[in-house]
Amino acid sequence: MTQAQDWKQFICRACGLIYDERLGDPDSGIAAGTRFVDIPDDWVCPLCGVEKADFEPYEAVSVMPATGGVPLKLTRAVGVVIVGAGHAGWAAAEAVRAQDALVPITLVTACLGDRYLKPELSIALRRHSSRESLVRETGLASAERLRVRLMTETFAVGLSPALHQLRTTRGNLQYTSLILAQGARPALPEVLPAHLCWRINDLDAWVGLKRQLGGTPKHIVIIGAGMVGCELADDFMTAGHQVTLLDVQKAPLATLLPEQASERLRVALEGAGVKFMGTTQVTGVTQLAQGVKSVSLVDAPALECDEVVAATGLVTDTRLAVGAQLTTDRGIVVDPMTLQTSAPDVFALGDCVSINGMPCRFIEPISKQAHAIASAIAGQLDAPYTHSAPVIRLKTHSLPVVMHGIPVSNGQWRVVSETHQELKMAQQIDGVDCCTLELG
Amino acid sequence: MNPTEASSALLNGSSSELLARVKHISSGDLASAAYKIDHEGFYPVGIMQTLGQAGAFGAHLDRNGRQFGVAIDAMREIARNCGSTGFLSWCHDVCGLYMEQSGNPALMGALLDEHVCANTLGGTALSNPMKTFAGIEKMLLRAKRVAGGYRVSGALPWVSHIGQGQYCGAIAGVYLDDGSTSHEIMFLLRCDDEVVLRQCPEFSGMEGTSTWGIRLDDYFVGEDALIADPARPFIARIRAAFVLLQTGWALGVTQGSIESMLEVEPLLGHVNKFLDDRPDEMQAELDDLSQRIQTLALTPYDGSVDYVISVLDARAQSAELSLRASQSGLLHQGARGYMMNTAPQRRIREAHFVAIVTPAIKHLRWEMARLSKQVLPA
């Protein structure tokens, strides 16, 4: 009957009282069944007194459950809490569950917690990837498999180590052990407005850029020719887009590679069609008509393009750690063997940590770090993490680059072998190779 | 004491002397009146004036060295004995802050002198605008530009610490002839004969906060009443300070609740030890939080997103703590705290208000989530 009558509801914008046409407002002399339009204009909200004009049509909205749909088999019992559902967060969950089948695990994530490999994002356009093809396992499926309480679209906002308390935008959690796996966020220089510049550091951003690119070739300006910038330039080019790659250095990856190697990389990228502009400084990005962006430069005419991608490096978001008085430098400082932070029962791994004063933003060490943390939590101190420089692989199609070891900035490079297709170099300290490099 | 003397009393005396004066009033006259204020609707004008003359409402102002930590501690001392008056203190403090930060000479001189020592009283009507700016509600007051100022119409449901002859900071959206809004203005709304004050429904507590519905019909706002035009940049600048000051009130309700637990410890400690949230645990949490708040109070106008989130987090935590502490306070006292004229059951209702007043816990979390999201091109 209600449906047949199609009764409407109207909500007071001030206090939230709902006027239901079916029920009327008998206390104010409005009979049941009075249409809202038929209420006299001098009628006021019976609860707070604002005018009729301050009511608006009301329709109930449905709200996504905080658990992302995972049944709450586990209560808010104290256990292990993990912040972040990137590769590091899930690796930690896997490792902790492998050590202990029963301990409650809660994973707090700003996104949906779907699992994918971030390095794949910089080769995904040429592979015609989609969100579906990149996701290896949904957050929901992982949570069920590992019996993890997953809190999606939830931000960790405060931490009190003395109380073993993590505060989130969905309420507070007590923990016996806390694992920070917050990753790193793009360091966006002030001249690059966030609403105009893409940063490809997570799946959602990549999906957004792909949607924006659509099916037709576009002109994309990439700011920053570090590893991510070079890989994206190579990928976008291969996928059929026009790419301009900018950097303040005169050649790509110039801060990491010796001059000879970065020059070879420049030639390879340009050979593939990327327009590289070295020694170029960006002063701003503005929006022109019809979605066109203008990138203004020092001592050069502005560039017009369809999309701007900033690949200007990563930085650890240390707000949570600093607020909790954890020791930080360029990341959250951890013990190189146990991955424990300066606070008891708080661990960290992945892109957010700093080991011996250096951040380590590679995927390779993460599972070993997770294993060390899980062992430490389980009280097994015989499985320490040993940090070693990971192998760096640049997935540029036009000229793959592989580096073993970390070069020292003032070290001398020597050519081991050089052909038209390939270049091998090495850096020595005291006559011993500390870093080797292969291009091609 | 005249306004200038009150102001110099604050400047000359140390903050500990100021707090000692406030504590004396709070534990004396205010503690005795707390039941009447909460339950019988007694609006403690006289006590507010005594507190104002003691310097309770001025430490956070630039003219007194921007001592937000002292202002928060003063509010805490007040709320410790009466949550309603703690809330009035916050209303009064932020109104003074609006006036001073407005940069409008008409609001910063004698008017502010009178306000600081509470010879005149005024609050804040920013609940709706704050929620509007956070994307939770729509603006209720509408302004139209006229010669020499604006005409404002509309109604606000409940505004505290106002009354005939008093005033409050308010915000209205400015509408153009085509029905669109151009910006917002913030102004000092003087509750004169033109302003209709409407009796509110009976609340479960805190009845003595002089809370009214306001209706404006073509109310004139002249240059001399403008706090900010446009209002948004002003709000962006003071938002963290506005929220941070509220923590003093929440800390006071929590401290009072812990004291209620301790009060019965000699008598009931042998059974109370079986309860959750014991006084020592609550005190440890309160101290941890207070310390963070005092650090935040050193830089109240730091507009960075990180700072704002830290302030919102502290405010949310202070509300959650007051809920838990007040609940535990009653459980510790048992039936003796459940009697109508006792503090523990009153503090439960005070803590509920701490948790639901703008920004409520849910609004704080909404806003922290909004600020934490990464901005990407559309």
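In which loop of chain B is Pro230(B) found? Pro230(B) sits in the loop between strand S8 (226-228) and H9 of chain B. Good morning, colleagues. Please keep in mind that the structure above is a predicted model.

Let me stay with that loop for a moment. The peptide bond that joins Asp229(B) and Pro230(B) is cis, with omega of about 5°. Chain B has another cis bond, from Thr358(B) to Pro359(B), and there omega is near -5°. Pro359(B) belongs to the loop between helix H14 (343-356) and H15 of chain B.

We now turn to a pair of helices in chain B. Two packed helices are described by the angle between their axes and the distance between the axes. For helix H9 (residues 232-263) of chain B and helix H11 (residues 279-296) of chain B, the axes come within 10 Å and cross at roughly 160°. Angles over 145 degrees count as roughly antiparallel, and H9(B) and H11(B) are therefore roughly antiparallel to each other. Their crossing is left-handed. On the side of H9(B), the contact includes Leu244(B), Leu251(B) and Ile258(B); on the side of H11(B), it includes Met282(B), Leu286(B) and Ile293(B). By class, this contact of H9(B) with H11(B) holds 10 nonpolar residues, 5 polar residues and no charged ones.

Next, the meeting of the two chains. Here, 26 residues of chain B are in contact with 29 residues of chain A. On the side of chain B, two or more residues each come from strand S3 (149-159), H11, helix H12 (305-333) and helix H15 (361-372). H12(B) gives the largest share, 6 residues. The residues on this side of chain B divide into 12 nonpolar, 5 polar and 9 charged.

Glu153(A) is not a glycine, yet has a positive phi of about 45°. Glu153(A) lies in the loop between strand S6 (148-151) and strand S7 (156-160) of chain A.

Finally, the domains of chain A. The assignment gives domain 1 (2-58), domain 2 (79-184 + 316-377), domain 3 (197-313) and domain 4 (392-439). The C-alpha centres of domain 1 and domain 4 of chain A lie 75 Å apart. Thank you for your attention.

Methods: Residues numbered from 1 in each chain as written. Chains lettered and ligands numbered in written order. Predicted model: local features only at pLDDT ≥ 70, side-chain atom pairs only at ≥ 80, totals over all residues. Domains from an automatic or database assignment. Axes fitted to C-alpha atoms, helices over the stretch in contact; angles between N-to-C directions. Helix = DSSP H or I, 4+ residues; strand = E, 2+ residues; numbered from the N terminus. Parallel < 35°, antiparallel > 145°, perpendicular 65-115°, else oblique. Left-handed = near helix turned anticlockwise from the far one by under 90°. Contact = placed C-beta atoms within 7 Å. Nonpolar A, V, L, I, M, F, W, Y, C, P; charged D, E, K, R; others polar.
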